[in-house]
Amino acid sequence: MKDNVAARLGGWSARHRKTAIFGWLLFVVAAVLIGGMAGQKQLTNAEQGTGDSGRAVRILEDAGIKSPATEMVLVHSAAPDGFRAAIPDVTRAIRGSGRAATVREPLISRDRRDALVQFDMAGDPKTAADRVAPVQAAVAQAGARHPEVRVEEFGDASGERWFNKTLGEDFSRAELTAVPLALGILLVAFAALLAAVMPVAIALTAFLAANGLLAVVSHAMHMDGSANSVMLLMGLAVGVDYCLFYLRREREERAAGRDRETALRIAAATSGRSVLVSGLTVMVAMAGMFLSGMLLFEGFAVATILVVLIAMIGSVTVLPALLSLLGDKVEFGRIPFLHRRRSTPRLWNAVLRPVLARPGIAAALAAAFLLALAAPALGMHTEKLRMEQQLPKNAALIQTYHHINAAFPGGPDPALIVVKAPDVQAPRVRQAIRSLQDAARQSGEFGRPVRTQVHAAANVATISVPLAGNGSDATSRHALATLRQRLVPAAFGGVAEAHVTGTLASSTDWNTQLRHSIVPVFVFVLSITFVLMLISFRSIPIAATAIVLNLLSVGAAYGVMVAMFQHGWGASLVGTHGVGAIESWLPLFVFVVLFGLSMDYHVFVVSRIREAHDRGTPTTQAVAQGIRATAGAVTSAAVIMVAVFAVFGTLSMQDFKQMGVGLSIAVLLDATIVRAVLLPAVMSLLGEANWYLPRWLSWLPGLTHGETSVTAEPAATPPAYVPTSG
């Protein structure tokens, strides 16, 4: 039988190893240089938006209107009017900093214990965070001169400055932690320094090349800033995994007595093929995000597809070239006490024996456990998390936010009505604006102040209306609905175009769009995964099993995320607290990523089982052989993925915590409960029915799962143990 594509790629690379290695290095350097010169283009606020709020932001962007960076200074006293002496000093300090464009008259709270001084930062609002430090210092000095009151500052510029500092430190720590973690785990897996370094090096160079190409693509499709972080996460995970699978198989064949060329050829034909199938499945799953209709997800799709594609190519070309060049020197830097360990972990053997002895009971218990974990997902609530939800609740910035919101409800994060008319100063438009202002002031659902700003040159007006409640609770949502459904249509219907934006409005519109788009994405990913598995394994039960098992692991991950981050159960274990919601973009993203990544293990394990079955081994024995032969690689790959994802769970931002914990829990469950218990139990129960293919599908291509010229020999049967560790 003719060699498969992976075998031919591996053979070419081994014969032309200098071309493969230097070609890869040249490609990476060129991609990095070109990307650096091009620079990455970021999504604008209008491109990120959707629905009514998105239309409001687009009107402002099209008119060239930039909302100034607004700051607020809260002066609180224990006694009514106890802040009076401090207010002039605070106001002078703000003006004296030279960074404030407009300082408004202070607002006084109803209990007369709080005063709020609001001002706009001078200059470009995009760079206000770089200029706010002198203002903060001046306000702090004024507060120090009045110890009888509490003086706190919060706003767009000070908040962004805090974010930039915290996120910069977080991501630097994550990047510095993830790579050494992966390297350390690979040292244990291979018990040799050089063998451990190679997968990490290929994964990192794949990420660098993909990052450079992403910068070029961003000029045609703007990217969200988090796309780079997602790319790093995915690049490390799949890049290391693919190289790990390939390298482990080559080392295994050498340990079984194969010569260098034969061992490399078998690794290329088997693990190389699994890498290609898995990579293709991951990329197709990621392509499902294009159906979301949202540029954020489309950017994530491009970023992940790029890095997976490059990592996959590197694994089946550069890695075999390096292995051909190095031979057994790949085990340079051996760690003797690790080399003596057996490759199949004892835990896997201990689990596998009872699973295969009582597959029905094992499958029922494992499925029940995963369904129990998934149960909380039935009550999942999603929203675009607000600042006080994103950050640790003990952060000084968040404490100030809560203090302002308590004294002046809705003030820190008001709704914004954007009005567009042929002549915004026409009498009937001005009357409509007054009507809206009066209705908002008379309603008990809105706070103070209601402010209007007219941009006559652009024929646009903006009306800021604080919402009652905490910004996302039932009170705030009802106030937003009142604004959109009653007050705005009553005031501007037939008079002018008016749309409502703001944090809560944007979150509501996001959730609406996601509800409409998530079903097509799910259907696409499920359908295309089934088709790919069907073509790859020529078996309807194998394809159906892949879908069901992956859905169970995704459902369990959803349940854990909801329990921990929405309800707060066990949230302290990861240094956070329940925030009542899951970040709105995460469920779709996690589904697509997990469905793609879980195919790494599934394809790798089932390919090995099919390989044994094709040699004439009965299905139950083939399952045992395949699980045992892949146990070390799956364990190492899972530990690496869990470690890399868990690093993101240590970041300060709640959405990255949710993503990191959700992905790490899902991979852990997938590599243990699903692959070590459910998969062997279900395949053992199905027996020969695993390989059922109806006659009307007999036209599907017959893809090889082994290297036919050598696997017929007795020595090619995978041993239960090999002398490298896992």
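A network of salt bridges links Arg-249, Glu-252, Glu-253, Arg-258, Arg-608, Glu-611 and Arg-615, a salt bridge being defined here as a side-chain nitrogen of Lys or Arg within 4 Å of a carboxyl oxygen of Asp or Glu. The structure is a predicted model, in which local features need pLDDT of at least 70 and side-chain atom pairs count only at pLDDT 80 or more, whereas totals for chains, interfaces and linings use all residues. Residues are numbered from 1 along each chain as its sequence is written, and side-chain values use heavy atoms, with hydrogens and water left out.

Side chains of opposite charge can pair when their charged atoms come close. Arg-249 is buried at 3% relative accessibility, and Glu-253 is buried at 2%, where buried means under 20% relative accessible area, exposed over 50%, and partly exposed in between (1.4 Å probe, protein chains only).

Another salt bridge joins Arg-615 to Glu-611, with the closest N and O atoms 3.7 Å apart. In this pair, Arg-615 is partly exposed, with a relative accessible area of 25%, while Glu-611 is buried at 4% relative accessibility.

A further salt bridge connects Glu-152 with Arg-150, whose closest N and O atoms are 2.9 Å apart. Glu-152 is buried, at 11% relative accessible area, and Arg-150 is partly exposed at 32%. In total, the structure holds 22 salt bridges.
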